[in-house]
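Thanks for coming, everyone. I have one structure to walk through today.

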Amino acid sequence: MGYEIADHTVSHVSMLSLEREEVQWELATARRRLAKCGIPESHICGVRAPFLENTIEMRQHAD
């Protein structure tokens with residue numbers, strides 16, 4: 001229908017407090033959970049960080 005689907009995180013914590021591996025886990029797990037609902041991973045574009053806080057690692061992993 002033309003709607004954009006983006007993911008969020010699993011535990012909704014500040015991304016500023018996480019290590020790189022934790023950021024990757026949060027984003028990858030959220031994306032996999034959306035995919036289990038029937039949304040193709042290729043259709044999930046982007047991410048919205050909790051509290052609108054983000055890091056370089058998060059932006060790199062979200063692409």
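Start at Leu52, in the loop between strand S2 (44–47) and H2. Helices (H or I, at least four residues) and strands (E, at least two) here are DSSP runs, numbered from the N terminus. Leu52 is not a glycine, yet its phi is positive, about 60°. Leu52 counts as exposed, at 61% relative accessibility. The cut-offs: buried is under 20% relative accessible area, exposed is over 50%, and partly exposed lies in between, with a 1.4 Å probe and protein chains only.

Before going further, the ground rules. This is a predicted model, where local features need pLDDT of at least 70, side-chain atom pairs count only at pLDDT 80 or more, and totals for chains, interfaces and linings use all residues. Residues are numbered from 1 along each chain as its sequence is written, and side-chain values use heavy atoms, with hydrogens and water left out.

How far does the predictor trust it? pLDDT is the predictor's confidence in each residue, from 0 to 100. The mean for the protein is 85, and 95% of its residues reach 70 or more. Among the elements, helix H1 (residues 20–36) has the highest mean pLDDT, 90. Helix H2 (residues 56–62) has the lowest, 72. Where pLDDT is low, predicted coordinates should not be read in detail.

Now the layout. There are two helices and two strands. From the N terminus, the order is β-α-β-α.

Next, the other positive phi. His12 has a phi of about 55°, and His12 is not a glycine either. His12 sits in the loop between S1 and H1. Partly exposed is the label here, with a relative accessible area of 39%.

Which side chain has a polar atom 3.1 Å from the backbone nitrogen of His12? That is Thr9. For a polar contact, I take a pair of N or O atoms within 3.5 Å; within protein, one must be able to donate a hydrogen and the other to accept it, and residues adjacent in sequence count only if both atoms are side-chain atoms. Thr9 is in the loop between S1 and H1. Thr9 counts as buried, at 11% relative accessibility. Setting aside neighbours within four places in sequence, Thr9 is in contact with Met15, Glu26, Leu27, Ala30 and Pro50. Contact means heavy atoms within 4.5 Å.

On to Asp7, in strand S1 (residues 5–7). Asp7 is buried, with a relative accessible area of 5%. Its contacts, not counting residues up to four places away, include Leu27, Leu34, Ile44 and Val47. Arg31 is also one of them.

That brings us to charge. Side chains of opposite charge can pair when their charged atoms come close. My salt-bridge rule is a side-chain nitrogen of Lys or Arg within 4 Å of a carboxyl oxygen of Asp or Glu. How many does that rule give? One. The side chains of Asp7 and Arg31 form a salt bridge, 3.6 Å from N to O. The pair links distant parts of the chain, with Asp7 in strand S1 and Arg31 in helix H1, 24 residues apart. Both Asp7 and Arg31 are buried. The Asp7 side chain also reaches the backbone nitrogen of Arg31, at 3.5 Å.

With 63 residues, a compact globule would have a radius of gyration near 11 Å, and the protein agrees, at 11 Å. That radius is over C-alpha atoms, and the globule rule is 2.2 Å times the number of residues to the power 0.38. Along its principal axes, the C-alpha trace spans about 35 × 20 × 20 Å. Of the 63 residues, 25% count as buried. Among contacts with a separation of 6 or more, 59% join residues 24 or more positions apart.
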